[in-house]
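Thanks for asking me to look this model over. My notes are below as numbered points, and I hope they are handy while you have the coordinates open.

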Amino acid sequence: MRYMLLFHYGEASEESIGAEAMAAGMRAMASYAATLEQAGILVSGQVLRPSISSTTLTLVDGEPRIQDGPFADTKEQLGGVIVIDVPDLDAALEWARQAPPLAWGAVEVRPGAVHIEGGTWVASS
């Protein structure tokens with residue numbers, strides 16, 4: 001079963017913790033991802049830029065509208081994601097407990113419903 005680990009933290013976190021702590025956090029995430037890869041469960045991962053750099057597309061009166069920045073005014077942001085393939089929720093939670101972002105925010109564990117494999121949608125089991 002595939003699970004997405006979503007890493008949430010406050011927008012101010014990056015500025016308030018400083019460059020040295022951010023660099024240490026990035027090293028910790030790289031080590032964590034390597035551990036997941038060595039365990040053979042890492043499907044993909046991505047650290048995201050701050051939400052201020054996002055562009056949101058919505059449909060207004062049937063026409064696409066582009067909005068710079070986050071869709072909603074929020075004090076939390078999605079800082080990154082990792083997709084793992086493990087037997088069940090208990091295993092996903094065990095891996096999530098080891099995620100470095102837990103130290104400065106929250107780790108949401110969400111099961112996948114379907115994923116793309118070879119250009120085809122495949123139901124997660």
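Where is G40 found?

1. G40 is in the loop between helix 1 and strand 2 (42-47). Helices (H or I, at least four residues) and strands (E, at least two) are DSSP runs, numbered from the N terminus. G40 counts as exposed because its relative accessibility is 63%; the classes are buried for under 20% relative accessible area, exposed for over 50% and partly exposed in between, with a 1.4 Å probe and protein chains only. Its C-alpha atom is separated by 9.3 Å from that of V86, 46 residues apart along the chain.

2. **What kind of model this is.** The model is predicted, so to speak of local features a pLDDT of at least 70 is needed, and side-chain atom pairs count only at pLDDT 80 or more, while totals for chains, interfaces and linings use all residues. Residues are numbered from 1 along each chain as its sequence is written, and side-chain values use heavy atoms, with hydrogens and water left out.

3. **Overall layout.** The chain has 2 helices and 8 strands, and along the sequence they come in the pattern β-α-β-β-β-β-α-β-β-β. Of the 125 residues in the chain, 27% are buried.

4. **The second largest pocket.** A pocket here is an open set of points on a 1 Å grid over the protein atoms alone, where a 1.4 Å probe fits, with protein on both sides within 12 Å along at least five of seven lines; lining residues have an atom within 4 Å of a point. The second largest pocket has a volume of about 170 Å³, a volume being the space filled by probe spheres set on the points, with grid points joined across faces, edges and corners. Its lining consists of R2, Y3, M4, V83, R110, P111, G112, V114, H115 and S124. Strand 1 (2-10), strand 6 (106-111) and strand 7 (114-117) are the elements that give two or more residues to this lining. Strand 1 gives the most, with 3 residues.

5. The lining residues of the second largest pocket divide into 5 nonpolar, 3 polar and 2 charged. In this scheme Ala, Val, Leu, Ile, Met, Phe, Trp, Tyr, Cys and Pro count as nonpolar, Asp, Glu, Lys and Arg as charged, and the others, Gly among them, as polar. One of the lining residues, G112, is found in the loop between strand 6 and strand 7. G112 is partly exposed, because its relative accessible area is 26%.

6. **Salt bridges.** How many salt bridges does the rule give? The count comes to 3, where a salt bridge is a side-chain nitrogen of Lys or Arg within 4 Å of a carboxyl oxygen of Asp or Glu. R2 pairs with E117, the closest N and O atoms being 3.9 Å apart. This pair links distant parts of the chain, with R2 in strand 1 and E117 in strand 7, 115 residues apart. In E108 and R110 the closest N and O atoms are 2.5 Å apart; E108 is partly exposed at 26% relative accessibility, and R110 is partly exposed at 44%.

7. R97 forms a salt bridge with E94, with the closest N and O atoms 3.4 Å apart. Both lie in helix 2 (residues 89-97), 3 residues apart, about one turn of the helix. R97 counts as exposed because its relative accessibility is 52%, whereas E94, at 41%, counts as partly exposed.

8. **A nonpolar patch.** V114, I116 and W121 make a nonpolar surface patch of about 350 Å². W121 is found in strand 8 (residues 120-123), and at 59% relative accessibility W121 counts as exposed. Patches are made of residues with over 30% relative accessible area and no salt bridge, with like charges joined within 9 Å and nonpolar side chains (Val, Leu, Ile, Met, Phe, Trp, Tyr) within 5 Å; accessible areas come from the Shrake-Rupley method with a 1.4 Å probe, and for residues only the protein chains shown count as cover.

9. **A backbone angle to look at.** D61 has a phi near 50°, a positive value in a residue other than glycine. D61 is placed in the loop between strand 3 (55-60) and strand 4 (63-68), and counts as exposed because its relative accessibility is 77%.
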